[in-house]
Amino acid sequence: MKSYNDKTHTIGRLWMVVTLLVFLSVPCLICAHLGVSPQLGMIGKGLASVALIFYPTAVIEVITYAPLLGTGGTYLSFVTGNITNLKLPVALAAMDSADVDPNSDEGEALSTISIAASSIVTTVIIAVFVLLLRPFLSKITGEGSVFAPAFQQVTPALFGALCASYLAKHWKISVLPIVLLTVLLLFKGTLAVGILIPIGVIVSLLGAHVMFKAGLVGKKKEA
C-alpha cells in the first residue's frame, strides 16, 4: 500500500501542476490573442475581496476532505472539482454501502473508483445535456420557471439524503454539531459551506471523543 500511495502522490502532483497550467493558459492565451494584459492593480483589488475567505478555505478543505477521500480520491476530486456537491457524497455513499472505513485499504479503493466513475459519468452527462438542452436551459432554470425552486435545493437534498443514514446510526454524536451549525446559521446565514463543514468536522470529532471517554458512545453502547 505504501508503494501505491507513493506512486499516487507522484502522479497526482504531476497532474495537479498540469491542470493548473491548463487553467492559467486559457486567460493567458486570450490576452495574447487580443493583445491586451490585465492591470495588476485591478487584479489585486478583486483578489483582496475573496482571498481572505477562499484561500484559508482551500487549505482547510484539503485537510478536512483528504482523510475521507483517500489518496487517489483526493487528487481526482481536486482536479475534477465539485467536491462538496458530488465527489464527497459519492465516495461516502460507496464506502457506506460496502460498510468499510475511509482510512482502510478497501475504503481507498472504493473512494478512488467511485470518484473516477462519477467524474466520467458527470462529464459525459453534462456534455450531452448541455448540447440537448441549450435552447431550453434558460427557460427551465430562469427565475420565472416553475422548476427554479428545485434547482436551488439540489445540494440540501443531496446532503440530506446522505446524512439521514449516518444520523440514524450515530444520532448521539450528531446532536452537538447540528445544534452548533444551526445556531451559527441563525446568526450568520451567509456562511459558506467551505467554512461550515470544517467547523462541523472539528466539533464532531471533539464531541465524539469526549462522549467516548465518558462512556456515552461506543460500539457496545450504540449496538
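Let's start with the largest pocket. About 2400 Å³ of space lies in it. It is lined by 49 residues, and the ones closest to its centre are Leu68, Leu92, Tyr166, Val201 and Ser204. Please keep in mind that this is a predicted model.

How do we look for space like that? Rolling a probe the size of a water molecule over the atoms shows where empty space is left.

Which helices build the lining of the largest pocket? Helix 2 (40-80), helix 3 (83-98), helix 7 (154-169), helix 8 (171-187), helix 9 (193-213) and helix 10 (219-222) each give at least two residues. Helix 9 gives the largest share, with 12 residues. The lining of the largest pocket has 31 nonpolar residues, 12 polar ones and 6 charged ones.

Next, the second largest pocket. Its volume is about 320 Å³. Find these residues on the model: Met16, Ala58, Glu61, Val62, Tyr65, Ser77, Phe78, Gly81, Asn82, Ile83, Thr84 and Asn85. They form the lining of that second pocket. Helix 2 and helix 3 are the elements that give two or more residues to this lining. Helix 2 has the largest share here, with 6 residues. By type, the lining of the second largest pocket divides into 6 nonpolar, 5 polar and 1 charged.

Let's step back to the whole chain. How many helices and how many strands does the protein chain have? There are 10 helices and 0 strands. Along the sequence, the pattern reads α-α-α-α-α-α-α-α-α-α. The C-alpha trace spans about 70 × 50 × 40 Å along its principal axes. The protein chain has 223 residues, and buried residues make up 22% of them.

Which helix gives the largest share of the nonpolar patch? That is helix 4 (residues 105-133), with 8 residues.

Isoleucine 125 sits in helix 4. Its relative accessibility is 43%, so isoleucine 125 counts as partly exposed.

Two more residues, for orientation. The first topic is threonine 74. Threonine 74 belongs to helix 2. Is threonine 74 buried or exposed? Threonine 74 is buried, because its relative accessible area is 12%, and buried means under 20%. Now look across to alanine 116. Threonine 74 and alanine 116 are 42 residues apart along the chain. Their C-alpha atoms are separated by 11 Å.

Then alanine 93. You will find alanine 93 in helix 3. Its relative accessible area is 31%, so alanine 93 is partly exposed.

To recap. The protein chain has 10 helices and 0 strands. The largest pocket holds about 2400 Å³ of space, and helix 9 supplies the largest share of its lining. The second largest pocket has about 320 Å³, and helix 2 supplies the largest share of that lining.

Notes
Residues are numbered from 1 along each chain as its sequence is written. This is a predicted model: local features need pLDDT of at least 70, side-chain atom pairs count only at pLDDT 80 or more; totals for chains, interfaces and linings use all residues. Side-chain values use heavy atoms; hydrogens and water are left out. Helices (H or I, at least four residues) and strands (E, at least two) are DSSP runs, numbered from the N terminus. Buried means under 20% relative accessible area, exposed over 50%, partly exposed in between (1.4 Å probe, protein chains only). On a 1 Å grid over the protein atoms alone, a cavity is a set of points where a 1.4 Å probe fits but cannot get out, and a pocket is an open set with protein on both sides within 12 Å along at least five of seven lines; lining residues have an atom within 4 Å of a point. Grid points are joined across faces, edges and corners, and a volume is the space filled by probe spheres set on the points. Ala, Val, Leu, Ile, Met, Phe, Trp, Tyr, Cys and Pro count as nonpolar, Asp, Glu, Lys and Arg as charged, and the others, Gly among them, as polar.
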